[in-house]
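This report describes a single protein chain, shown below with its sequence. Please keep the structure in view while reading.

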Amino acid sequence: MRVRADRERCVGSGQCELLAPDVFEVDDDGAVRLLQEDPADDGAVRDAVQQCPTGALSLRDAP
């Protein structure tokens with residue numbers, strides 16, 4: 001799976017970082033930064049995407 005993050009939509013709530021800290025980080029600018037674009041298919045990553053309050057995160061199948 002491939003994760004995408006829209007930094008323009010991100011409000012830096014940090015929910016993604018709490019759920020999947022190996023994949024997401026809220027940087028000093030207060031926006032999400034991807035640590036891995038192609039993580040293993042992990043329930044925590046899917047939960048983080050679903051729980052993003054602004055919908056800044058999305059998933060798609062890796063090429």
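## Basis of the model

The model is predicted: local features require a pLDDT of at least 70, side-chain atom pairs count only at pLDDT 80 or more, and totals for chains, interfaces and linings use all residues. Residues are numbered from 1 along each chain as its sequence is written, and side-chain values use heavy atoms, with hydrogens and water left out.

## Fold and dimensions

Two helices and four strands make up the secondary structure of the chain; helices (H or I, at least four residues) and strands (E, at least two) are DSSP runs, numbered from the N terminus. In sequence order, these elements give the pattern β-α-β-β-α-β. The chain is as compact as a globular protein of its length, because its radius of gyration of 10 Å is close to the 11 Å that the globule rule gives for 63 residues. That radius is taken over C-alpha atoms, and the rule is 2.2 Å times the number of residues to the power 0.38. Along the principal axes, the C-alpha atoms fill a box of roughly 30 × 20 × 20 Å.

Contact means heavy atoms within 4.5 Å. Of the contacts between residues at least 6 apart in sequence, 58% join residues at least 24 apart.

## Surface and charge

Buried residues account for 29% of the 63 residues, where buried means under 20% relative accessible area, exposed over 50%, and partly exposed in between (1.4 Å probe, protein chains only). The chain exposes about 4000 Å², of which carbon and sulfur atoms supply 39%. These areas come from the Shrake-Rupley method with a 1.4 Å probe; for residues, only the protein chains shown count as cover.

The chain carries 7 positive and 14 negative charges, and their mean positions are 7 Å apart. Lys and Arg count as positive and Asp and Glu as negative, while His and the chain ends are not counted. Each charge is placed at NZ of Lys, CZ of Arg, CG of Asp or CD of Glu.

## The nonpolar core

A nonpolar core is a set of buried Ala, Val, Leu, Ile, Met, Phe, Trp, Tyr and Cys residues joined through side-chain atoms within 4.5 Å. The largest such core has 15 residues, among which Cys16, Phe24, Val32, Val45 and Leu57 touch the most other members. Helix H2 (residues 43–51) contributes the largest share of this core, three residues.

Beyond residues up to four places away in sequence, Val45 touches Met1, Val3, Ala20, Val23, Phe24, Pro39 and Leu59.

## Residues in the loops

Pro21 lies in the loop between helix H1 (15–19) and E2 and is partly exposed, at 47% relative accessibility. Apart from residues up to four places away in sequence, Pro21 touches Cys16 and Leu35.

Asp28 belongs to the loop between strand E2 (24–26) and strand E3 (32–34) and is exposed, at 85% relative accessibility. Ala56, in the loop between H2 and E4, is buried, at 4% relative accessibility.

## A residue in strand E4

Ser58 is part of strand E4 (residues 57–60) and is partly exposed, with a relative accessible area of 35%. Ser58 and Val3 are 55 residues apart in sequence, yet their C-alpha atoms are 5.8 Å apart in space. Neighbours within four places aside, Ser58 is in contact with Arg2, Val3, Arg4 and Val49.
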